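Hi,

Here is the structure I promised to pass on. Have a look at it first, then read my notes below.

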Amino acid sequence: MRLSFYQRNADKIRIFLFILIMFAITSPIILSYFWLILRSFSVDMKGFIPTQLTVKNWRFLWSEIKGYPNIWKTTLNTAFVAIMVMLFEVFMTSMGGYALSRFDFPGRTSMMKFILVLHAFPSVSLMVAIYYVLKYLNLLDNLWGIILLKASLETPWATWVMKGFYDGIPWEMEWAGLVDGYSRFQVWRKVILPLVKPGVAVTAVFAFLSGWSEFIFINTFIFSQEFWTLSKYVKATIGDFRFADYGLLSAVGVFYALPTIILFFFVSKYMIKLTIGGVKG
Amino acid sequence: MPTIRVVNLKKYFGKVKAVDNISFEVKDGEFVALLGPSGCGKTTTLLMLAGIYKPTGGEIWFDDQLMNNVPPKYREIGMVFQNYALYPHMTVYENIAFPLRAKKMEENEIKKRVHDVAKKLMIENLLDRKPGQISGGQQQRVALARALIKQPKVLLFDEPLSNLDAKLRMMMRAEIKKLQEDLGITSVYVTHDQAEAMTMASRIVVFSRGKIMQYGTPDEVYRKPKNIFVATFIGNPAMNLIRNLDYIKEKGKAFLVSENLRLELPEDVAKKIEESKNSGKFILGFRPEDAKIDQKESDMGFWAYVYVLEPLGRDLIINLKVIGTEELIKIFAEDEVNIKKDEKVFVKLQHGKIHIFDSETEELII
Ligand SMILES: Nc1ncnc2c1ncn2[C@@H]1O[C@H](COP(=O)(O)OP(=O)(O)OP(=O)(O)O)[C@@H](O)[C@H]1O
Ligand SMILES: [Mg+2]
């Protein structure tokens, strides 16, 4: 029996085709990032070919640009929002998730159903109501307003996620801690919390990224340039009333995405090692 | 070491009566086993002793102190869980030291104690590893070390050997027993393995469906089982039963009979039956080692066919089908017997080694 060329190389051909298809699917994203990076270092582009290289587009890093706030101040604002949202969420969900998972309080099931419904509800539709609340609290044009808003909108869902991680920890682990002479709170802190570290890490990363990339609320509720974050800065380069500066737009865009990409390089390796909710041993 | 007294203890999970009104006592320094099939409420009882579950009703006393509302950390108990429940993020050393850290003990003292107990349990070389990096048997030792380190007044075990292989289980069985004897700590040991309970405990609480069936020494529950449940649960192979028997008297002699079977009863047994409150139907029980095979008929026994032979090396188990009732029984054979499949033999029962239960209540009559 003679095998055909295809049969002899079936495995290789299949893998080759697989890669080709994957590349075709992902190429719009990869190519657009590729274009963005190239564009940020060129005067103009002909398709994918820069006409002339330059670093002028990156001038916002070392000099003030008229009509824009200082980039470092803006970056600091962005980081501030992202980190605060992260801290709030981690604090609340690590406790709330435990309560949802372990305590049998009245209304627990309906609460969990309600959280699911809440999550499906688009927060943009709350805009007007939020405006009045923030105004009443005197938090308009204030980054704290954004932080509290983000954290409170995301906490219910993140709590649900954390509950999943807590559900994976056997009760006996907790009982062992109680028998070993600790209070329930101490057991949570010394035994249970370290075991759901993967969950805390996931929650923290997602909270950070959502704070970092927040745009709609910033655009709506922040008016002063001194409170701008990077998303607003990028938006401004597109310009409602000025001429769009594509070079600047590309450079700021790359600058904005950089921390996200770096973070993913560090964390993805860590996250892949963890099965969601699982503890070994 | 305290005496544990459990009085009318109950635990309901909604409609499920996991533990239903039980009372027993564990004496100072005693080793008591809670024995029963899966789901009968053993773990629930143990968790109430530990203070993790709150009883639905009843009382738990340690000596003269009511423990119902005492949280686990004040009970001075050590516990070994079924799946060990070692903390996966801590090293073996940290696991064992964990109960001492709760007491804010000095680091030097902790170190000394951890090494002492690790040495006793032969796990000193594992102290730097994580629980995920040691074998099941070693994990079991670590769990034991963690339970022992704070020198508890009461030790609770929840099927600590059920995850080990047969050989290791036999070894640890003896080791735990020795350890408990040396330390003299009042211990409650949960198991569903009757051999474990028989070999280790000084008394056994036999459980079924949340209720206590019998509480006694291994010898008592073996020799004088209070009911059919205990009789069949304890002993391997189980006690032989011949059901559905009637009691009759002919010419001053007493018999248990069914259609094709006729068993003459000694006088004292007959008297006990007559004195008892009974439903008129009886179950005869006898242990595999308490019957003998014979070729000719004699006073107390019945005829049976040899069904299957099971050689065990040292022993031979003969499976027989009772003629007339078709019930299958098992008998330990004496070494010299020479019997073949399908042969008809006489099963001779021994005076004083038969048990008679009431068919309805399944309680022991004699
Ligand atoms: N938290 C709970 N909620 C509801 N029912 C429970 C709970 N814990 C135990 N039960 C029920 O109570 C009964 C006794 O359970 P328990 O765990 O004490 O059994 P066990 O004797 O330890 O069994 P096993 O040998 O399988 O461990 C079972 O029917 C079980 O389903
Ligand atoms: Mg159990």
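The backbone nitrogen of A:Lys56 sits 2.9 Å from a polar atom in the side chain of A:Thr54. That is a polar contact (a pair of N or O atoms within 3.5 Å; within protein, one must be able to donate a hydrogen and the other to accept it, and residues adjacent in sequence count only if both atoms are side-chain atoms). You'll find A:Thr54 in the loop between β2 (49–50) and α3 (71–102) of chain A. Helices (H or I, at least four residues) and strands (E, at least two) are DSSP runs, numbered from the N terminus. Leaving out residues up to four places away in sequence, A:Thr54 touches A:Ser40, A:Phe41, A:Ser42 and A:Val43, where contact means heavy atoms within 4.5 Å.

Before you go on: this is a predicted model, so local features need pLDDT of at least 70 and side-chain atom pairs count only at pLDDT 80 or more, while totals for chains, interfaces and linings use all residues. Residues are numbered from 1 along each chain as its sequence is written, chains are lettered from A and ligands numbered from 1 in the order in which they are written, and side-chain values use heavy atoms, with hydrogens and water left out.

Now chain B. Its secondary structure comes to nine helices and 20 strands. Of its 366 residues, 49% count as buried (under 20% relative accessible area; exposed is over 50%, partly exposed in between; 1.4 Å probe, protein chains only).

Next, ligand 1. Residues around ligand 1 include B:Phe13, B:Tyr53 and B:Glu159, each with a heavy atom within 4 Å of it. Helix α1 (residues 42–50) of chain B gives the most to this shell, with three residues. Oxygen atoms of ligand 1 lie 2.5 Å from an N or O atom in the side chain of B:Ser38, 3.0 Å from a polar backbone atom of B:Gly41 and 2.8 Å from a polar side-chain atom of B:Lys42.

Most residues other than glycine have a negative phi, and most peptide bonds are trans. B:Glu159 has a positive phi of about 40°, and this residue is in the loop between β7 (154–158) and α5 (166–183) of chain B. Is B:Glu159 buried or exposed? B:Glu159 is buried, at 7% relative accessible area. B:Asp63 also has a positive phi, near 55°, but B:Asp63 is partly exposed at 40%. Finally, the peptide bond from B:Asn236 to B:Pro237 is cis.

Cheers
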